Amino acid sequence: MLGEGILKGLGETARNFAGSFVSAERLTTVQYPEERIAPIEATRDFPFLVYDSKDPADSEEWLKGMRCVACQICEKECPPKCIYIEKSKDKKPDALGKPQAYPVRFDIDISVCMSCQICVEVCPFEAIKMDTEFELSTTDRFGGLMHDRRQLAKSNEYYHRIHPTEAAEVDARLAEEKAKADAKAAADKAKAAAAAAAKPAVPAAGASAVATPAPATTEKPEASA
Amino acid sequence: MSTTPTATADQIFILLKNWLVHFLPAAWQPLAGVVLCVVAIVGVFPGLFAVSVLLERKGLGRMQNRYGPNRVGPHGIFQPIADGLKSLTKEDIVPFRADAVVHFIAPLVLVVAVFMGFAVLPMGRNMVLVDMDAGLLFFFAMGASTELSIFMAGWSSRNKYSLLGAMRGVAQMISYEVALLMSSVAVVMITGSLSLTKIVGAQNSYSGIFPHWYVFTPWGFAGFLMFSIAAMAETNRSPFDLPEGESELVAGYFTEYSGFKFALFFLGEYVGMFGIAGMATTLFLGGWSAPLSFLQILPSWFWFFSKLMIAMCLFIWIRGTLPRLRQDQLMNFAWKFVLPMTLVNLADVAIWRFMGEGWLRWVACSAMLLAAYVGMGRVEMQRGKIGPRSYRYAE
């Protein structure tokens with residue numbers, strides 16, 4: 001009959017209304033600043049720069065351990081162009097111990113960033129990863145949202161804390177590469193020694209650079225994990 | 001006048017007014033009395049507006065499995081104050097090409113028109129500002145002038161959404177005004193008077209402990225239902241809130257209003273709801289009379305305002321339940337269902353009036369209305385039946 005559905009609907013809302021006072025299941029709201037739910041592992045919002053912490057006492061360790069070599073691939077790939085990098089003139093040892101350039105300026109404008117993760121996917125050095133920090137409001141909408149390299153640099157331990165599975169995979173991959181590079185270097189050294197003083201050793205840098213780039217496709221975090 | 005405590009409580013506002021007025025010279029007293037009443041009305045209803053806005057936001061929240069406002073003060077009870085302060089401090093923006101004068105006057109016209117309606121509503125025993133012989137007509141005349149304000153707002157804003165909202169609003173309000181009047185004519189036919197105090201007086205008697213409210217008769221019940229539907233459409237309330245349908249029209253006719261003018265529209269809408277709820281109470285729910293005879297110890301104004309707030313809760317409940325209608329559904333419903341039903345109800349009332357006392361008229365009148373309702377419902381629902389969606393190319 002006409003009006004039956006309306007009465008049913010009124011009954012449903014009345015049940016919701018009365019039920020919200022007695023059953024917690026009917027009030028699913030999390031009262032945010034006081035209560036919060038832990039983010040799921042695949043959470044991501046803005047990128048950050050990973051550094052390998054070797055000496056926690058050193059206040060400059062973030063710069064020394066920074067994996068980024070300022071290759072500027074992410075800057076070029078970034079769809080909204082929100083990454084600004086300046087390459088250094090001098091070099092410092094990277095994660096594999098080779099001397100590499102480092103960024104003297106690495107800024108990400110998070111007001112422009114669209115959290116697409118393309119920078120993470122293209123990075124051959126596992127240097128840029130996605131963060132889960134979301135409380136980034138500021139009173140300065142230009143400077144405050146332009147994060148510099150100090151703000152972006154976060155330790156590998158932090159990375160392990162926010163994305164354990166993904167970070168473990170990355171570490172395994174880096175260790176493998178390091179072992180390979182070390183073996184290669186040792187072999188080269190041995191070969192150089194064997195070839196005696198007649199010929200100078202082949203520069204190791206060219207050989208290991210081929211091995212270094214990680215396959216980008218395997219880096220995607222498993223959302224289902 | 002008797003001086004029992006009950007009677008004193010019942011007439012407390014009248015006595016208060018008389019006491020305040022007696023300080024003035026006799027020549028000034030009538031005018032001062034009226035001004036006092038007006039001040040009271042203009043003060044009380046915005047207060048009730050704040051309460052019902054809070055009720056609505058909290059209640060709707062609970063119906064939708066969330067808390068609603070709970071930050072300002074304990075359990076969010078100061079939310080209306082915060083809202084009011086916010087709207088007062090906001091910038092008042094008038095669109096560049098708008099008709100500034102009309103744009104400015106529109107919210108005032110709305111508020112004035114809705115407050116005028118209260119002049120004739122009896123809010124308690126002897127508590128009526130102007131006991132007009134044609135109070136019912138006056139009320140509906142004032143209610144109709146809110147349409148003017150809505151069209152003024154929509155037209156002067158120079159905004160397509162505003163204009164569309166205003167046109168929808170006017171079409172809807174005119175359509176439902178017919179049904180609104182027709183359903184109240186039933187009461188006039190029985191009472192034989194357009195005076196609202198007489199209509200309340202006619203319902204203020206009891207059989208045993210049960211009151212003689214018109215809603216407890218077949219024609220009164222049907223009339224009350226039709227009146228409520230039309231009242232909801234008349235005040236642009238969900239599910240008839242097409243004029244301000246935010247999903248398609250931003251905010252309808254008050255898209256271009258901000259700050260205090262917006263607050264005035266908001267106030268006007270709610271005070272209009274109070275007015276129409278007060279009218280429904282007066283016509284069908286016995287106005288200020290107590291629901292059971294032994295409850296008459298509580299003052300009459302208490303019953304009037306209780307009924308008003310219950311009506312508001314009903315408005316909120318329905319808003320939380322029903323989705324918005326489509327324009328054609330709205331019009332079809334008005335002209336093909338509500339209006340015919342009110343016409344049937346008029347015939348029913350005539351039969352009721354001339355069949356005299358006895359159980360037979362109860363049976364006859366109920367059967368007639370039920371048959372009309374079921375029959376019309378069948379026809380409507382058949383027409384509205386939609387088959388499975390068919391695709392031309394995608395199959």
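Student: Over how many bridges do β2(A) and strand β5 of chain A pair, and in which sense?

Tutor: Strands of a sheet pair through backbone hydrogen bonds, either parallel or antiparallel. In this predicted model, β2(A) and strand β5 (residues 103-109) of chain A pair in the antiparallel sense, over five bridges. A pair requires that DSSP finds at least two bridges between the two strands. Strands are DSSP runs of E with at least two residues, helices are runs of H or I with at least four, and both are numbered from the N terminus.

Student: Which numbering and which confidence limits apply?

Tutor: Residues count from 1 along each chain as its sequence is written, while chains are lettered from A and ligands numbered from 1 in the order in which they are written. The model is predicted, so local features need pLDDT of at least 70 and side-chain atom pairs count only at pLDDT 80 or more, whereas totals for chains, interfaces and linings use all residues.

Student: What is the strand order of the open sheet, and which strands stand at the edges?

Tutor: The order is β2-β5-β7 in chain A, three strands with antiparallel pairing. β2 (83-87) and β7 (146-147) of chain A stand at the edges. Each has a single partner strand, so one side of each lacks a neighbour in the sheet.

Student: Is strand β1 of chain A enclosed or open?

Tutor: Burial is a neighbour count. A residue is buried with 20 or more other C-beta atoms within 10 Å of its own, exposed with 12 or fewer, and partly exposed in between; C-beta atoms are placed from the backbone. In β1 (residues 47-51) of chain A, five of the five residues are buried, so the strand is largely enclosed by the rest of the structure.

Student: Which strands does β1(A) join?

Tutor: Three bridges link β1(A) to β6 (residues 128-130) of chain A, running antiparallel. There A:Leu49 stands opposite A:Ile128. Three bridges also link β1(A) to β8 (residues 153-155) of chain A, running parallel. A:Tyr51 has A:Ser155 as its bridge partner in β8(A).

Student: At what angle do helices α7 and α13 of chain B pack?

Tutor: Axes are lines fitted to C-alpha atoms, for helices over the stretch in contact, and angles run from 0 to 180 degrees between N-to-C directions. Under 35 degrees counts as roughly parallel, over 145 as roughly antiparallel, 65 to 115 as roughly perpendicular, and the rest as oblique. α7 (residues 160-191) and α13 (residues 327-355) of chain B pack at about 10°, with axes 9 Å apart. They are therefore roughly parallel to each other. The residues of this contact divide into 18 nonpolar, six polar and two charged. Nonpolar covers Ala, Val, Leu, Ile, Met, Phe, Trp, Tyr, Cys and Pro; charged covers Asp, Glu, Lys and Arg; the others, Gly among them, are polar.

Student: Where does B:Leu283 lie, and what does it touch?

Tutor: B:Leu283 lies in helix α11 (residues 259-284) of chain B. B:Leu283 is buried, with 27 other C-beta atoms within 10 Å. Contact means C-beta atoms, placed from the backbone, within 7 Å. Leaving out residues up to four places away in sequence, B:Leu283 touches B:Ser184, B:Val187, B:Ile199, B:Tyr214 and B:Phe227. B:Ser184 is 99 residues away along the chain, yet the two C-alpha atoms are separated by 7.1 Å.

Student: How many residues does each chain bring to the contact between A and B?

Tutor: Chain A gives 13 residues and chain B gives 14 residues. The chain A side has six nonpolar, six polar and one charged residues.

Conventions. Two residues are in contact if their C-beta atoms, placed from the backbone, lie within 7 Å.
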